[in-house]
Amino acid sequence: MLQEDPPNQPLRILHLEDSDLDHELVRRALHKAGEPCTLERVETLEEFGQRVQAFNFDVILADYRLPGFTALDAWHVLQQQARHPPFILLSGAIGEPAAVSAIKTGISDYLAKDDLSRLAQVIRRAIEVHSIRQAKELADIELALSEKRLADFAEHLQTTIEQERAAIAREIHDDIGGALAAAKFDLSWIGRHTADAATQGHVTAANEMLQHALDASQRIMMNLRPAILDQGLVAAVQWLAGDFTKRTGIETTVHAFHEEDSLSKAVQLVAYRTTQEALTNISKHANANHVTIDLSNAGSVLTLEVKDNGQGLLQTELKKPTSFGIRGLHERAKTVGGWLDVSTQRNMGTSIILSVPLLVPHPDTKQGAD
């Protein structure tokens, strides 16, 4: 990007012109306007290409018609440079329509040779607009890089969360689950070897509490690490739907394709977590009494839709800074090359659709393996 010149530094101008007289008129017009500058002239397209490669000019002035080429040819040469200065047509041999057409290609401005009194003003305006445009382009690049870094971080965070969930689930299974099972075994032994009614009552109560704890640990492990996925995505989604209906009383219908072994662990996990999050949102916010889950792989695209008949959401609610659930689903979908669509109407329910192309195999990440 061009740096702004100090106030007293002369402008560095390249003039593409084959007429000695016209070049001198430009020099005089700039001098009369009090514009300090160094004005260098070239006549051929080859000279022009060499100078713009070798030197960093502040602005380029170009006659439209030159021997064997036009200013548009010079403009195409200039565009091959990674960064280039403003390019101003300065000609008497071009009409207004042609000038407008040239500007649409990206040329900065046009000035007729019989209006050189405005030349300094046109140059300054072109430099200012060019600087603003470059600043915007740089800001757009930095924004894109920032969004890419955030997306990479979100993907890393999701992977880390899944790994931590798997580690906690294993700990619950190996330590807590094992201890509870051993305690239940000992209580059963006590119950078989005592005839005291009071002791039997305590053993029965303790067994019930232990069973409740075992059920809770199984439920927590299932939420942390969906072992049901070992039986396939369809079985996992059906289990989620059944458990959701059991816990909330909301009727849930599942329509699913005949599953094959082509889905990677990573895709299955993303679809499972999307279903899980969607059902959680429905139980908390939708006020629905029926949910439909459609799972298909038509057209080599895995499509998962979770739809409810609840009160729907306002667009402002979807765009709230604290809507991390939906945003998290968007980021999850991106990790397997998919995307997420959310449609909603007030009092007519909400639909969450996950789409993942299946043409390219998705590598099983550590997240998927866990």
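Visitor: What does "buried" mean, in relative accessible area?
Guide: Buried means under 20% relative accessible area, and exposed means over 50%. This is a predicted model.

Visitor: OK, which residues of α7 are buried?
Guide: Leu233, Val234, Ala236, Val237, Leu240, Ala241, Asp243 and Phe244 are the buried residues of α7.

Visitor: And what covers them?
Guide: The cover over the buried residues of α7 includes β8, α8, β9 and β10. Helix α7, residues 233-248, lies across three of those strands, namely β8, β9 and β10 (301-308). The helix runs at about 170° to β8.

Visitor: Why do residues three or four places apart in a helix point the same way?
Guide: An α-helix has 3.6 residues a turn, so residues three or four places apart point the same way.

Visitor: How far does α7 reach?
Guide: From its first C-alpha to its last, α7 reaches 22 Å with 16 residues. That is close to the 22 Å expected at 1.5 Å a residue. Just after α7 comes Gly249, with a positive phi of about 80°.

Visitor: Now the sheet under it. What order do its five strands take?
Guide: The order is β8-β9-β10-β12-β11, in an open sheet with mixed pairing. Because β8 (251-256) and β11 (339-344) are at the edges with a single partner strand each, one side of each has no neighbour in the sheet. On average, neighbouring strands here are turned by 10° against each other, direction ignored.

Visitor: Which way do β8 and β9 run, parallel or antiparallel?
Guide: β8 and β9 (residues 290-296) run parallel and are joined by six bridges. Within that pair, Thr252 stands opposite Val291 in β9.

Visitor: How many bridges join β10 to β12?
Guide: Seven bridges join β10 to β12, and the two run antiparallel. Val301 stands opposite Pro357 of β12.

Visitor: And what about β11 with β12?
Guide: β11 and β12 run antiparallel too, with six bridges between them. Ser343 is opposite Ser351 in β12, and Asp341 is opposite Ile353 in β12. The two strands form a hairpin with five residues between them. In that turn, Asn347 has a positive phi of about 65°.

Visitor: Why is β12 called largely enclosed?
Guide: Six of the eight residues of β12 are buried, so β12 is largely enclosed by the rest of the structure.

Visitor: Switching to the largest nonpolar core. Which members touch the most others?
Guide: Ile282 and Leu302 do, out of 38 residues in that core. Elements that each supply at least two residues of this core are α7, α8, β9, β10, α10 (324-335) and β12. The largest share, ten residues, comes from α8.

Visitor: What is Ile282 in contact with?
Guide: Leaving out neighbours within four places in sequence, Ile282 is in contact with Phe244, Ile250, Asn287, Ala288, Val291, Val306 and Asp308. Among these, Phe244 is one of the buried residues of α7, and Val291 is the residue opposite Thr252.

Visitor: Which residues does the second core include?
Guide: The second core is separate and has 22 residues, among them Phe57, Leu66, Trp75 and Ile94.

Visitor: There's another open sheet. What order are its strands in?
Guide: That sheet also has five strands, in the order β2-β1-β3-β6-β7, with parallel pairing. β2 (37-42) and β7 (109-112) are at the edges, each with a single partner strand, so one side of each lacks a neighbour in the sheet. Neighbouring strands of this sheet are turned by 25° on average, direction ignored.

Visitor: How is β6 joined to β7?
Guide: Four bridges join β6 (residues 87-91) to β7, running parallel. Ile88 stands opposite Asp109 in β7.

Visitor: Last one: Asp58. Where is it, and is it buried or exposed?
Guide: Asp58 lies in the loop between α2 (45-54) and β3 (59-62). Asp58 counts as buried because its relative accessibility is 4%, and the cut-off is under 20%. The side chains of Asp58 and Arg12 are joined by a polar contact of 2.7 Å.

Key. Residues numbered from 1 in each chain as written. Predicted model: local features only at pLDDT ≥ 70, side-chain atom pairs only at ≥ 80, totals over all residues. Heavy atoms only, no water. Pairing = 2+ DSSP bridges. Axes fitted to C-alpha atoms, helices over the stretch in contact; angles between N-to-C directions. Contact = heavy atoms within 4.5 Å. Buried < 20%, exposed > 50% of the residue type's maximum accessible area, 1.4 Å probe, protein only. Polar contact = N/O pair within 3.5 Å; in protein donor to acceptor, adjacent residues only side chain to side chain. Core = buried A, V, L, I, M, F, W, Y, C linked by side-chain atoms within 4.5 Å. Expected span 1.5 Å × (residues − 1).
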